[in-house]
Amino acid sequence: MPAIPEDTVDLGERLDPVRTLLRRTASADQRAAAALVDVLGPRIHGLAVHVTGSSARAEKLTVLVLRSCLRDAADLAASGLPGEAAVLDRARRAAVATDPSGDVRSLVAPDLVNDRTRDRREVDVLRMLLELPAAQRALVESAAQGRFSYTGLIRQQNAVLLSQVLDHLVPFGGPEDVETRALAALDALALADVGERLRLRELTRLPETAGIHRHAIEAAARLTLLTAVPPSRDLRASVLEGYGAGPAAAPAPLRPPASGDAETAYRGDYATPVLGTDSQRRMVGPPAVAGGFHSSAAAPSAGSPMTPSSEASPPPSAPDDARSPHSPSGRRTRSCAPAASADGRSGV
C-alpha cells in the first residue's frame with residue numbers, strides 16, 4: 001500500500017477526516033470516494049436545494065460538484081483550506097452561480113428540531129442564529145441561501161453584520177479591519193461582486209489578512225450544517241461513474257479484526273463522518289465523554305487559499321481556537337486522545 005499522509009483515524013474538533021478522504025480519493029481509492037459522497041452529499045445537496053428551490057436541479061448540481069471534487073481531490077487536499085471547507089466552498093459558488101430562486105427557508109424552524117444536536121458545531125450555529133434579533137436572523141438566513149440584493153451603504157452595513165456572525169462561528173483573527181472582514185464574509189458566502197473580489201485580493205495579500213478570508217470560508221461552511229438535506233435517491237452510482245482507471249487496493253487495517261468478518265473501511269454520515277476501521281479506533285482509544293478535554297483542541301487548523309482557484313498557501317501560524325464550544329448534555333464527542341480508565345491507564 002502506498003504511503004498516504006493521514007490526518008486522523010477518528011474525529012476531533014481540530015482534526016480533518018475529509019482531507020484524509022480527499023487524499024485517498026486522489027490515489028484512486030474507490031471506498032474513500034464513495035465515503036466522500038456519503039459524508040458531504042447531503043450538505044451539498046441541501047445547500048443546492050435551498051439556493052435553487054428545486055430538488056431536481058439540486059441533484060444534478062450535487063452530482064456535478066462531487067464529480068469535480070473527485071477529479072480535483074489532490075488539489076483540494078493540498079489547498080490551505082480544511083477538506084470539508086474546500087469542498088463546500090466549491091459547492092456554494094456553483095449553487096449561487098445558478099441565480100438563486102424560490103423562497104428563503106427558515107433555518108431554525110421548530111419542525112426541524114429533531115434533526116438538530118447531532119453535531120456540536122450544528123448546535124453552535126443554531127444557538128448563534130437564535131440569539132440574533134429577528135431582522136438580523138432573516139438577513140443571515142437569506143445570505144446563507146444565496147440572496148443578498150443590497151446596494152450602497154445598506155450593502156456595506158449588512159456585510160459588516162455577516163462578518164460579525166461568521167467571526168462568531170470561526171474567529172477570524174488578524175487585524176480588526178472592518179472592510180477586510182466585510183468583504184471576506186461576502187466572498188465566503190459567494191455574494192461578492194467582481195469589484196469587491198478585486199478589492200479583497202488587494203487587502204489580503206499579507207498572511208495575517210489572508211487568514212481572515214480563510215476563516216470566513218470555514219465559517220460559511222458551518223452554515224451548511226443547517227441546510228443539509230439528503231437526496232431522494234442514492235447518488236453514488238451517478239457520481240462514481242467513470243471514476244478511477246481500475247480497482248484500487250483497499251487500505252489494510254493496522255490490526256487484524258477480532259472476528260472473522262471483514263470491517264468496513266469507511267462509514268458515517270454528513271453529521272459524524274468516521275474514518276478508519278474498528279481495529280484502528282481501538283488502537284487510538286475510546287472517544288472521550290461529553291465535556292472531556294480534547295487533546296487536539298489547542299492545535300491550529302489548516303489554512304485556506306486566497307480563493308478556491310488560487311495556489312495553496314501554508315497554514316496560518318496562530319491557532320484559531322479562541323472559542324471553546326461545548327457538546328450538548330449527554331452527547332458523546334470524538335477525540336484523538338485516549339480516554340483514561342478507572343486505574344489511570346489510557347484505554348487502547
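**Helix packing and the nonpolar core**

In the predicted model, helices α3 and α5 cross in a right-handed sense. Helix α3 spans residues 55-71 and helix α5 spans residues 83-96; their axes lie 10 Å apart and form an angle of about 140°. Angles over 145 degrees count as roughly antiparallel, and α3 and α5 are therefore classed as oblique to each other. On the α3 side, the contact is formed by L61, V65, S68 and C69, while α5 contributes V87, R90, A91, A94 and A95. Seven of the residues in this contact of α3 with α5 are nonpolar, one is polar and one is charged.

Residues Q136, L139, V140 and A143 of α7 make the contact with N158, L161, L162 and V165 of α8. The contact of α7 with α8 comprises six nonpolar and two polar residues, with no charged residues.

The largest nonpolar core contains 76 residues, of which L22, I44, L129, L162, L166 and L189 touch the most other members. Helix α2 (residues 30-52) supplies the largest share of this core, with 13 residues. The surroundings of L166 were also listed: when residues up to four places away in sequence are not counted, L166 touches F172, A185, L189, A216, A219, A220 and L223. L162, one of the core residues that touch the most other members, also takes part in the contact of α8 with α7.

Notes: Residues are numbered from 1 along each chain as its sequence is written. This is a predicted model: local features need pLDDT of at least 70, side-chain atom pairs count only at pLDDT 80 or more; totals for chains, interfaces and linings use all residues. Side-chain values use heavy atoms; hydrogens and water are left out. Axes are lines fitted to C-alpha atoms, for helices over the stretch in contact, and angles run from 0 to 180 degrees between N-to-C directions. Helices (H or I, at least four residues) and strands (E, at least two) are DSSP runs, numbered from the N terminus. Angles under 35 degrees count as roughly parallel, over 145 as roughly antiparallel, 65 to 115 as roughly perpendicular and the rest as oblique. A crossing is left-handed if the near helix is turned anticlockwise from the far one by less than a right angle, and right-handed if clockwise. Contact means heavy atoms within 4.5 Å. Ala, Val, Leu, Ile, Met, Phe, Trp, Tyr, Cys and Pro count as nonpolar, Asp, Glu, Lys and Arg as charged, and the others, Gly among them, as polar. A nonpolar core is a set of buried Ala, Val, Leu, Ile, Met, Phe, Trp, Tyr and Cys residues joined through side-chain atoms within 4.5 Å. Buried means under 20% relative accessible area, exposed over 50%, partly exposed in between (1.4 Å probe, protein chains only).
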